[in-house]
Each structure stands twice: as structure tokens, then as C-alpha cells.
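The sequence and model are placed below for reference.

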Amino acid sequence: MSLSAILTEAYNFFRNHLTQLAILTVPLLLVQVGIQLWLGTEMSKVDLENPQFGAPHMIAMMLLLLIFSVLIAALTLFLELRSQGHNPSAGMVLKASLPFVPPLLLAGVFSGLAILAPVMLFAAFGPMWLVGLVISFYLFARLAYVNFMVVVERLTPLEAIKASFSFSGPIVLKTIALLMLYLPLSVIGAQLSGAASLGGLPVQMLADTLMAFIGLFVNLALFRLYMVTKKPTAE
């Protein structure tokens, strides 16, 4: 299936299930954005010569990872159930997604370390950090299906990482193209957040949540690419 067809189907799904997706994800996104804004405010106060991070900051970081894992588990499970013709409620999806949270957390930590390693290693060689960044982005594309492997395939974290790397080989260019959508969304999001900050914290929080919700479109497109690659006859 062509990339344009993938994007078209993802857009149609996003539009047709907008209310269900919002009910399922926006509450989690609001909490996530709220924690991120608080952490951003705290980081702006840090003394660069003597940075100090306390227990509240560590707890906030752990909460972010937990909420993100719940969000991804719920979204992926919803996409799987809808692809099977089911129409579950948001509460049902959230409850059913909780068992996937621990393996998603572990898979996220392992794959995140693998993705960050090249850019961190090459950063020690000055301008070579750009090479590390390219390698890291390539690994990001190869591991973009780890969440689907955990939730849909019911694999363990390490199995999911191996499966995603193997699965994404033939479609790595399409995957990279979809992940590149994050770049314009990030630019628009930064500009919108900057403008919204003039209206105070509540306005900025709503603006950031809106952009985070729109960003879920990339996950939908990746899931569609995953499904048609896994089942070519679905075309």
C-alpha cells in the first residue's frame, strides 16, 4: 500500500473516531502536559553551575513514564479492537490496557536507551554528534513498532524489540517518512505554545494538549502501516 493511501486511511480513521479518541486520550494528555509544564518551570529555576534535583522531580519523571505507557497501551488496544470490528467504551479499553503497562514501560526504557546511545556516544567527538543523531533516528524508525508488538502480538519487552527491528526492515523508509511528520508538528506546537503562554498557564496547557492529541495521528498512521504490512491481503 502506498504512503499516501496509508495517510488517507489514518486521517479518515482519526476523523471518524475523533470523539472516541478524545474521550480516551485527552484526560491522560492533560495530566501528562501538566506534569511537563511543571517540570519545565522547575528546570528553568535550576542553577546550571550546581544543578539539584529532588524527590518531587524524580516522582514527576516516573509519573510521566507511567502515564505515557498507559496512554500508548490504551490507544494501541483501541486501534486493535476497532480493526477487529469491536466498539469498546473508553473505560473498558483503559481497564483492559493496564496489564500491558509494565511490559511497555520496560520495552520503552530498553528501546529508549538503544536509540539514545549513538547520539550520546558520538557527542563526545564534537561535530560527529550529527552522525550519531542520524543513527539514533534510524534506530527510532526500526523500533517504532515495539508498542504494537507488546500489545497486539503479546510479546515480552525483549521479544518485542527484536520483532520490531526485524519487522521494520522492509518498510523502514515508509516508517521514517511517517515519523518525519513529528517535525512540522513540533514546530507548529512550539509556536502555538509560545503564543498560548501569553494567555497564562491554563491556555498554554490546553494548547499543548491539543497539539499532543493531533500528534497521535502519527501513531494511527504507523498502526495502519503495521497492519497492512502484517496482513498484505488487507489492501
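Is the crossing of helix 1 and helix 11 left-handed or right-handed? I found it to be right-handed; a crossing is left-handed if the near helix is turned anticlockwise from the far one by less than a right angle, and right-handed if clockwise.

I note that this is a predicted model, in which local features need pLDDT of at least 70 and side-chain atom pairs count only at pLDDT 80 or more, while totals for chains, interfaces and linings use all residues. Residues are numbered from 1 along each chain as its sequence is written, and side-chain values use heavy atoms, with hydrogens and water left out.

Entry: helix 1 with helix 11.
I looked up the geometry of helix 1 (residues 3-16) against helix 11: the angle is about 125 degrees and the axes are 9 Å apart. Helices (H or I, at least four residues) and strands (E, at least two) are DSSP runs, numbered from the N terminus. Axes are lines fitted to C-alpha atoms, for helices over the stretch in contact, and angles run from 0 to 180 degrees between N-to-C directions. The two helices are therefore oblique to each other; angles under 35 degrees count as roughly parallel, over 145 as roughly antiparallel, 65 to 115 as roughly perpendicular and the rest as oblique.
I then listed the residues that meet (contact means heavy atoms within 4.5 Å). Helix 1 contributes Ile6, Leu7, Glu9, Ala10, Tyr11, Phe13 and Phe14, and helix 11 contributes Phe213, Ile214, Phe217, Leu220, Ala221, Arg224, Leu225 and Val228. By class, I count 13 nonpolar, no polar and two charged residues there. Ala, Val, Leu, Ile, Met, Phe, Trp, Tyr, Cys and Pro count as nonpolar, Asp, Glu, Lys and Arg as charged, and the others, Gly among them, as polar.

Entry: Ile6.
Ile6, in helix 1, counts as buried because its relative accessibility is 0%. Buried means under 20% relative accessible area, exposed over 50%, partly exposed in between (1.4 Å probe, protein chains only). Leaving aside neighbours within four places in sequence, I find Ile6 in contact with Met1, Leu178, Ala221, Arg224, Leu225 and Val228. Ile6 and Leu178 are 172 residues apart in sequence, and their C-alpha atoms are 9.5 Å apart.

Entry: helix 9 with helix 11.
Lys174, Thr175, Leu178 and Leu179 of helix 9 make the contact with Val218, Ala221, Leu222 and Leu225 of helix 11. Six of these residues are nonpolar, one is polar and one is charged.

Entry: aromatic rings.
Rings of Phe, Tyr and Trp (its six-membered ring) pair if their centres lie within 6.5 Å; planes under 30 degrees apart count as stacked, over 60 as edge-to-face and the rest as tilted. Tyr145 and Phe148 form a tilted pair, 6.1 Å centre to centre with 55 degrees between the planes. The centres of Phe223 and Tyr226 are 5.9 Å apart with planes at 50 degrees, so this pair is tilted. Phe223 and Tyr226 both lie in helix 11, three residues apart, and both are buried. I find one aromatic cluster formed by Tyr145, Phe148, Phe167, Phe223 and Tyr226.

Entry: Thr25.
Thr25 lies in helix 2 (residues 18-44) and counts as buried at 1% relative accessibility.
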